[in-house]
Each structure stands twice: as C-alpha cells, then as structure tokens.
Amino acid sequence: MLIYSTIKEFKAAGRKSFALLVDPDGHDATYFEHVARLGMDAGIDFFFVGGSLIADDVLELCLSVIRSRTKIPVIIFPGSSLQINPNADAILFLSLISGRNAEMLIGRQVTAAPYLRKSGLEVISTGYMLIDSGKSTTALYMSNTLPIPGDKPQIAACTAMAGAMLGLSLIYLDGGSGAANPVSIAIISAVKEVVEVPIIVGGGIRTPQQAIDACSAGADVIVVGNAAEKDPGLLRGLVEAVHNC
Ligand code: 1GP
C-alpha cells in the first residue's frame, strides 16, 4: 500500500507510529543487517534513511540491505538533494519552511524533481520545520537557516498552517539530530491544533516518556535516530510506548 495512505490511515485510527532513523554514513553491510533485525524485533513501523553527509554508494547499500531483510517500509529522509535512490518505498520531499533560504525552500527541489519523476519513488511533500533545541545541530549548519525559537509556538503554528495551506502533505517538526531537548509539547500542540495533516516529530527523543509526551501533544509519527544507535536496547521500550499511546 502507498506509504502516505498508510500514515493517514494510522492517524485516522488514532494509531501512533514509530520510525527508526538510520544514518548510513560510515557504516557497512553488517551494520545495516543488524539495524534491519533490530527494527523488526522491536516492531517499528518505518525505516527513515538519510543523513547530511552520506556518499551515494553507502545509501544504495543501506537501502538494499534493509529491503532485502525486511518488509518494513523504507522511506528516504534526504539530507541533501543528491539522496535520491529508487531502492526505497518513498521519499520525504522536504521544503524547509521554517527557514528563509530559497535554496532549501524550492531551489534544491527544482533540481531534484526530474530525478524523482524518473525514480518511481512515492514522493511525499513535507513541510520541514527546524525548532530550536538548545544547541546548534548539523541540520541548522547545513541548511544555513535559523530555527523557530523553542518558546514561540505561535510562529510554529502559523508556519505549519501556511505549509498545509500550500498543499504539503506532512509537517515534520525536528529539533535536529542529537538535539539537547526534544521539540516541546507547547509547539507540538499548537501545530496540532491548526493542521489536519499528519505530524512527524523527531530530534533528541531518548526516553519512552518523551515519546509519550510528543504523541499525547499530537505527534502522529515519532522518529528516533541517535538514542537507538547509541543504545539499541532502548528501541523496544520506545516503540512500545508509542504504540500504546
Ligand atoms: C533528526 O528527527 C531526527 O532529523 C532524529 O533525531 O537522531 O536525535 O533521534 P535523533
């Protein structure tokens, strides 16, 4: 089934979902096999694959190993416009709507569009919003944008509203990989109140309680990368917490 329909169906049924973020950079096939097993054992709903600095061949390897080992949908979460590969189920087509860098809002997308068209990937338009999380993250540096201040839920709400009105299919609230603090409940609730589209929340989620808080505030999909990479033993508890929300 198409990935976006699945996400929407889960949302309609009030079922929260969990995505494990895999950054292929610096890893090999053995690691990807391990991650595939880990995701299956923990009962995750989606693999998100992407990172700021990955070479093409590692992305390809990561996608093909995970897809050959599991039936869990694999979604590219591109750290750059070069990360397009047909070996996935879908791609989040990101527009960085929290920033004012025209390249990230529409420039890279124009370059990527013909490749995406040929790729056969399901393209899911996503309003990507970086939220200040207490420390500078790779995403901020690489995108050359300012994040939305963590204590300004109204700005986040208006940004998400504009994204949804422009027709974007998802809103992704991201504190950035390895964020010191997850996106706040106030920000998630303010966004939830004004948009109907599914909301993805990630960045700095390390505990089941943080995942539960984000879900209760309105997140439909929780994304965890760093915490699970550092301590794979955490994964099962995080997934259970999300599924029990
Ligand atoms: C980052 O939302 C993701 O873009 C996940 O962040 O690695 O901090 O879990 P973490």
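Visitor: Hi! How does the lining of the largest pocket split into nonpolar, polar and charged residues?
Guide: In this predicted model, that lining has 22 nonpolar residues, 20 polar ones and seven charged ones.

Visitor: And what's the volume of the largest pocket?
Guide: It comes to about 1,100 Å³. There are 49 lining residues, and the closest to the pocket's centre are Ser52, Phe77, Pro78, Gly79 and Tyr128.

Visitor: Which strand or helix gives the largest share of that lining?
Guide: Strand 4 does, with six residues. Several other elements supply at least two residues each, including strand 1 (17-22), helix 4 (102-119) and helix 9 (226-230).

Visitor: OK, what about the second largest pocket, how much space lies in there?
Guide: About 170 Å³. Among the residues lining the second largest pocket are Ser81, Leu82, Thr111, Tyr115 and Lys118.

Visitor: Switching topic: which residues of helix 10 are buried?
Guide: Helix 10 covers residues 235-243, and its buried residues are Leu235, Leu238, Val239, Ala241 and Val242.

Visitor: Why do they line one face of the helix?
Guide: Look down the axis of helix 10: the buried residues fall within an arc of 160°, so one face of the helix holds them.

Visitor: And what covers them?
Guide: The cover includes strand 1, helix 2 (29-42), helix 8 (208-217), strand 8 and helix 9.

Methods
Residues are numbered from 1 along each chain as its sequence is written. This is a predicted model: local features need pLDDT of at least 70, side-chain atom pairs count only at pLDDT 80 or more; totals for chains, interfaces and linings use all residues. Side-chain values use heavy atoms; hydrogens and water are left out. On a 1 Å grid over the protein atoms alone, a cavity is a set of points where a 1.4 Å probe fits but cannot get out, and a pocket is an open set with protein on both sides within 12 Å along at least five of seven lines; lining residues have an atom within 4 Å of a point. Grid points are joined across faces, edges and corners, and a volume is the space filled by probe spheres set on the points. Helices (H or I, at least four residues) and strands (E, at least two) are DSSP runs, numbered from the N terminus. Ala, Val, Leu, Ile, Met, Phe, Trp, Tyr, Cys and Pro count as nonpolar, Asp, Glu, Lys and Arg as charged, and the others, Gly among them, as polar. Buried means under 20% relative accessible area, exposed over 50%, partly exposed in between (1.4 Å probe, protein chains only). The arc is that of the directions from the helix axis to the C-beta atoms. Contact means heavy atoms within 4.5 Å.
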